[in-house]
Amino acid sequence: MGNADKPWPVTESSELVMQRESAFELGGGTNPSVNYTLVSTENFIDEDGIFLVGADIKDISSDNAFARIVILKIDDIGESEEAHDAIRNMEFARYHVFPKGYMVRVSSMSNREQVRVSKDAIKRGINFAAVGRAYIEKYKAIKQVKNVRVIFITKKELVESLSGYAKKADDITKSLTHIFDGLDADCGHCDFKKVCDEVEGMKEMHLGMAKKK
């Protein structure tokens with residue numbers, strides 16, 4: 001799908017799309033749904049991009065499986081209060097993009113995202129490229145974010161296969177927040193010990209910050 005020139009119009013808060021106004025739901029009901037964000041300081045992302053696996057909005061006529069995955073290329077955020085704020089801002093952006101006629105409901109507990117698309121938005125030509133551009137603009141308002149890739153998936157089998165990755169990504173973010181909140185580095189009793197054991201450098205970061213207290 002590549003780059004989209006214009007973002008879809010957004011509202012300041014979530015717009016209520018009533019059932020009677022809805023064309024269909026993405027990730028609703030019994031359909032699988034996945035949402036997560038991946039963050040890296042590596043240079044394998046050198047430009048913004050929007051990608052689609054499956055049918056675009058105009059080609060969907062009924063409730064459908066759905067996934068939205070965001071990959072962020074960021075500067076090294078270090079180990080300071082600024083790093084803590086950057087993580088918070090990236091999480092905030094995840095839940096605070098409100099495309100017009102595209103009502104988003106995100107569950108941080110289950111890593112699901114449900115979208116109700118209005119009939120009016122369909123008539124006005126909404127597509128994933130324009131929605132993706134709206135997300136890119138929101139993320140790039142955060143100064144540490146350099147490049148953004150947004151991936152939309154509407155193929156059921158692929159969406160179903162991604163739930164485990166969503167949990168792992170969410171656990172890593174929670175572990176980083178735990179570290180930057182300055183909590184004690186008692187690894188033996190920490191709920192995130194397994195995550196730190198698997199992610200290179202995370203335990204060293206936690207222990208290093210504990211020594212600075």
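Predicted model: local features only at pLDDT ≥ 70, side-chain atom pairs only at ≥ 80, totals over all residues.
**Exercise 1. Strand 4 and its neighbours**

Task: Find out how many residues of strand 4 are buried, and which strands pair with strand 4.

Solution: 
- Step 1. Begin with burial. Nine of the nine residues of strand 4 are buried, so this strand is largely enclosed by the rest of the structure.
- Step 2. Next, follow the side chains. Phe 66, Arg 68, Val 70, Leu 72 and Ile 74 point one way, while Ala 67, Ile 69, Ile 71 and Lys 73 point the other way. Residues on both sides are buried.
- Step 3. Now look for partners. Strand 2, residues 33-40, pairs with strand 4 in the parallel sense over eight bridges. In this pairing, Val 34 stands opposite Ala 67.
- Step 4. Strand 7 also pairs with strand 4, in the antiparallel sense and over eight bridges. Here Ile 74 stands opposite Val 145 of strand 7.

**Exercise 2. Three phenylalanines**

Solution: 
- Step 1. The count of aromatic pairs comes to three. One of them is formed by Phe 66 and Phe 128, which are stacked at 6.0 Å centre to centre with 15° between the planes.
- Step 2. Phe 66 is in strand 4 and Phe 128 in helix 3, 62 residues apart, so to speak two distant parts of the chain linked by the pair.
- Step 3. Turn to Phe 152. The ring centres of Phe 128 and Phe 152 are 4.6 Å apart and their planes lie at 25°; planes under 30 degrees apart count as stacked, so this pair is stacked.
- Step 4. This pair links distant parts of the chain too: Phe 128 in helix 3 and Phe 152 in strand 7 are 24 residues apart.
- Step 5. Phe 66 counts as buried at 0% relative accessibility, and both Phe 128 and Phe 152 are buried.

**Exercise 3. The nonpolar cores**

Task: Find how many residues the largest nonpolar core has, and which element gives the largest share.

Solution: 
- Step 1. The largest nonpolar core has 32 residues, and those with the most contacts inside it are Tyr 102, Val 117 and Tyr 139.
- Step 2. Elements giving two or more residues to this core include strand 1 (22-26), helix 1 (81-95) and strand 6 (112-118). Helix 3 gives the largest share, seven residues.
- Step 3. Apart from this core lies another one, of nine residues, among them Val 34, Tyr 36, Ala 67 and Val 159.
- Step 4. Return to Tyr 102. Not counting residues up to four places away in sequence, Tyr 102 touches Phe 66, Phe 128 and Phe 152, among others.

Note on methods:
Residues numbered from 1 in each chain as written. Heavy atoms only, no water. Core = buried A, V, L, I, M, F, W, Y, C linked by side-chain atoms within 4.5 Å. Buried < 20%, exposed > 50% of the residue type's maximum accessible area, 1.4 Å probe, protein only. Helix = DSSP H or I, 4+ residues; strand = E, 2+ residues; numbered from the N terminus. Contact = heavy atoms within 4.5 Å. Phe/Tyr/Trp six-rings, centres within 6.5 Å; stacked < 30°, edge-to-face > 60°. Pairing = 2+ DSSP bridges.
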